[in-house]
Amino acid sequence: MNFQNCAMVWRFVSLRRLLRCTLALALLSIAIGGAGEVVYAEERTTAPSPYTSGALASGSTLSLLPITANLPRPVEKPPLPFSAPLVGPLIKRAPMSDIEKRTTAFLPTDEFLARLTPIEMPDEDRWIRVDLSEQVTIVYENGKAIRGFVISSGLPRTPTVTGEFRIRMKVRSQTMSGGSGASYYYLPNVQWVQYFYGEYAFHGTYWHSDFGRPKSRGCINMTNADAKWLFDWAGPVWDGKTTWFRSTPDNPGTLVIVHE
């Protein structure tokens, strides 16, 4: 091999070494940069957020997208501190897997009632009380609490309206839909609906069994059996056939008081 051929071989070997070194440096740079991004991503997921702090952070399905509805919603509220409601004796036991028979009904005891937020008792023969802090609905008749239900009220982004109202319309069953994008919902055959203010209503619920904590877009979620009991008990008295049955002065709606 002459000198010229040796020089060409040497250049070829040097070029290969240079390419190997360049490739190794590039891979090392990517590895370092990728590791840095992973750490940064972990830091971002653990950063404080108003939607990941509080009692609803664990397993919460609270949507971060805007909720659209025909009725203006109240100002967003922080999550209620959740604790399983301590209620009196259950009226009826049924498997929660049985949609039509499941119930959360209980007999309100004096001890239980003493834990509720104090309010001024109305001068009404029949009225309904919704305590959002305890996530319960209490039914009163002739000055005595005769029945209670564990319910699910509105989420912090779509809270249940508070105040004094009367049931203004009853619907045996209907389709409920609304929202947009990831917040869109379509719920056919929602049963035993009783509207007490705007789009706010008591109604049966078949899409979850997580009663005792806020879950709804503002309505009062109850089991189908519990919603039917309240539908039959409360005024206006339904005629059994009219789809959109409204209250009248001769057939008034039952008073509803919703409070924190």
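Author: Val 171 has 0% relative accessibility and therefore counts as buried; buried means under 20% relative accessible area, exposed over 50%, and partly exposed in between, with a 1.4 Å probe and protein chains only. This is a predicted model, in which local features need pLDDT of at least 70 and side-chain atom pairs count only at pLDDT 80 or more, while totals for chains, interfaces and linings use all residues. Residues are numbered from 1 along each chain as its sequence is written, and side-chain values use heavy atoms, with hydrogens and water left out.

Reader: Where is Val 171 placed, and which residues does Val 171 touch beyond those up to four places away in sequence?

Author: Contact means heavy atoms within 4.5 Å. Val 171 belongs to strand E5; helices (H or I, at least four residues) and strands (E, at least two) are DSSP runs, numbered from the N terminus. Not counting residues up to four places away in sequence, Val 171 touches Trp 192, Val 193, Tyr 195, Phe 231, Thr 243 and Trp 244. Val 171 and Trp 244 lie 73 residues apart in sequence, yet their C-alpha atoms are 5.4 Å apart in space.

Reader: How many helices and strands does the protein have, and in what order do the elements run?

Author: The protein has 3 helices and 10 strands. From the N terminus on, the elements run α-α-β-β-β-β-β-β-β-β-α-β-β. Of the contacts between residues at least 6 apart in sequence, 62% join residues at least 24 apart. Buried residues account for 36% of the 260 residues.

Reader: In what order do the 5 strands of the open sheet stand, and which strands are at the edges?

Author: Two strands pair if DSSP finds at least two bridges between them. Here the 5 strands form an open sheet in the order E8-E7-E6-E5-E9, with mixed pairing. E8 and strand E9 (245-246) stand at the edges with a single partner strand each, so one side of each is left without a neighbour in the sheet. Helix H3 (residues 224-233) packs on this sheet and touches E5, E6, E7 and E8; the direction of H3 makes about 30° with that of E6. Such axes are lines fitted to C-alpha atoms, for helices over the stretch in contact, and angles run from 0 to 180 degrees between N-to-C directions. As for an individual pair, strand E5 (residues 169-178) and strand E6 (residues 185-197) are antiparallel over 8 bridges, and Gly 178 stands opposite Tyr 185 in E6.

Reader: Which residues touch the most other members of the largest nonpolar core?

Author: A nonpolar core is a set of buried Ala, Val, Leu, Ile, Met, Phe, Trp, Tyr and Cys residues joined through side-chain atoms within 4.5 Å. The largest core has 23 residues, of which Ile 128, Phe 196, Phe 202 and Met 222 touch the most other members. Two or more residues each come from strand E1 (126-131), E6, E7, E8, H3 and strand E10 (255-259). H3 gives the largest share, 4 residues. Apart from this core lies another, of 12 residues, among them Phe 106, Leu 116, Trp 127 and Val 150.

Reader: How many salt bridges does the count give, and which residue pairs with Arg 166?

Author: Side chains of opposite charge can pair when their charged atoms come close. The rule requires a side-chain nitrogen of Lys or Arg within 4 Å of a carboxyl oxygen of Asp or Glu, and the count comes to 5 salt bridges. Arg 166 pairs with Glu 124, their closest N and O atoms being 2.6 Å apart. This pair links distant parts of the chain, 42 residues apart: Arg 166 is in strand E4 (residues 163-166), and Glu 124 is in the loop between helix H2 (110-114) and E1. Arg 166 is partly exposed at 38% relative accessible area, and Glu 124 is partly exposed at 26%.

Reader: What separates Lys 228 and Asp 232 along helix H3?

Author: Lys 228 and Asp 232 are 4 residues apart in helix H3, so about one helical turn separates them. Their side chains meet in a salt bridge (2.7 Å, N to O). Lys 228, at 34% relative accessibility, counts as partly exposed, and Asp 232 is partly exposed at 48%. Elsewhere, salt bridges that share partners join Asp 210, Arg 213 and Lys 215 into one network.
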